[in-house]
Amino acid sequence: MPGISINVIRVGSELFTSSDELEISNAVSFLRSTYATVSLALRRVEHWIIPLAQARGRDILDTTGEAETLTDEWTVANHNVDVFFVKTFVGSVAGLSPVNGPCDKNAKGMDGAVVEVIPGLTGHILAHEVGHYLGLSHRSSDSTNLMFDSVPNGGRLDSGQGATMRSHCFVEP
């Protein structure tokens, strides 16, 4: 089965509690099981940290521009989707990712996904934002679909969405 790999990058790593770590682990499990329904495996999950001293204030994101800058400034040199986890994303969004994210992780602009850790919702946010990165747009008319434009959502993907995601350059055969 084709699959992707992700980098879990904790921004301001000292701020993350054991409860946050469990929330992230559960979120990864949710992504794995949700994507499996459309024949897309989650292969490798690598863990990285950005300590507060190196985060340049990006441990708390006040704007989407700061989220974009975070993904532009940091990258892991591998063929995994970079996912930056933050404790606080101020405002009405809990995550951000480009639709059909770039294959070149050194491209200018947003080249990763950002996810706020929110107990009970992090899995939906993670799967939703990585879905954007893999080419999916919002489905504002179907609250049962993972790509509904707000959380919580039903977490469901359809076969067409699976085909779109499997065609992204980060998907391995």
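This is a short talk through the fold of the chain shown above.

Okay, a word on the model. It's a predicted one, where local features need pLDDT of at least 70, side-chain atom pairs count only at pLDDT 80 or more, and totals for chains, interfaces and linings use all residues. Residues are numbered from 1 along each chain as its sequence is written, and side-chain values use heavy atoms, with hydrogens and water left out.

So, what's in there? The chain has five helices and seven strands; those are DSSP runs numbered from the N terminus, with helices being H or I of at least four residues and strands E of at least two. Going along the sequence, you read β-α-β-α-β-α-β-β-β-β-α-α.

Now the sheet. Five strands form an open sheet with mixed pairing, in the order β2-β1-β4-β7-β6; strands pair if DSSP finds at least two bridges between them. At the edges stand β2 (41-50) and β6 (95-96), each with a single partner strand, so one side of each has no neighbour in the sheet.

Packing on that sheet is helix α3, residues 64-73, which touches β1, β4, β6 and β7 (113-116). Contact here means heavy atoms within 4.5 Å.

Further in, β1 (residues 3-11) and β4 (residues 81-86) run parallel, paired over five bridges. Have a look at I9: its bridge partner in β4 is F84.

Finally, the whole chain. Buried residues, meaning under 20% relative accessible area with a 1.4 Å probe, protein chains only, make up 49% of the 173. And of the contacts with a separation of 6 or more, 70% are between residues 24 or more positions apart.

How values were computed: Axes are lines fitted to C-alpha atoms, for helices over the stretch in contact, and angles run from 0 to 180 degrees between N-to-C directions. Buried means under 20% relative accessible area, exposed over 50%, partly exposed in between (1.4 Å probe, protein chains only).
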